[in-house]
Amino acid sequence: MARSKLNRKATQRKSMIKTMATSLVLDEYLVTTAQKAKHLVPYLEKVITHARANTLASNRRVYAGLDTKEAAHKLITSKLESSGNLRTESEGIRRGDNADMVRVSFVKELKPAKAKEVKDE
């Protein structure tokens, strides 16, 4: 699928998406332009899919896909659905350049999954 390049080089684009994904996980919402959101949502859905697998290899991919360990740990320990975890809502247009602004947020709050209790016999 061909996407716009957002007027950036590939390394700058990857870094920007990774930083936006980290901010979204930590703050649980993000206000950005519609074009950037079109790049961000599929990227973060793939990272969430890896976080749900909860294996060593998938956890390493989550850590590689986000900038901070705190964001990766928050995503790995959260209970999330298989897909449809993100929502985009229109925020109107930005004053100055008339760019379409959207709010990207999680459908459900990121709450850590409850730890399994070990029963002593």
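1. S78 is buried, because its relative accessible area is 12%, under the 20% cut-off. This comes from a predicted model. S78 sits in the loop that runs between helix 4 and strand 2 (86–93). Its side chain makes a contact at 2.4 Å with the backbone oxygen of K74.

2. Which residues of helix 4 are buried? Within this helix, residues 69–76, they are A71, A72, L75 and I76. Viewed down the axis of helix 4, these buried residues fall within an arc of 130°, so they line one face of the helix.

3. The face of helix 4 turned away from that buried side looks otherwise. K69 and E70 are there, and both are exposed.

4. What covers the buried residues of helix 4? The cover includes three helices: helix 1 (10–27), helix 2 (34–53) and helix 3 (56–65).

5. Now the largest pocket. Its volume is about 220 Å³. The lining consists of R3, A10, R13, K14, I17, H39, P42, Y43 and K46. Helix 1 and helix 2 are the elements that give two or more residues to this lining.

6. What is the make-up of the pocket lining by class? Four residues are nonpolar, one is polar and four are charged. R3, R13, K14 and K46 are the charged ones. H39 counts as the polar one.

Note on methods:
Residues numbered from 1 in each chain as written. Predicted model: local features only at pLDDT ≥ 70, side-chain atom pairs only at ≥ 80, totals over all residues. Heavy atoms only, no water. Buried < 20%, exposed > 50% of the residue type's maximum accessible area, 1.4 Å probe, protein only. Helix = DSSP H or I, 4+ residues; strand = E, 2+ residues; numbered from the N terminus. Arc of directions from axis to C-beta. Contact = heavy atoms within 4.5 Å. 1 Å grid on protein atoms, 1.4 Å probe; cavity = no way out; pocket = protein on both sides within 12 Å on 5 of 7 lines; lining within 4 Å. Points joined across faces, edges and corners; volume = space filled by probe spheres on them. Polar contact = N/O pair within 3.5 Å; in protein donor to acceptor, adjacent residues only side chain to side chain.
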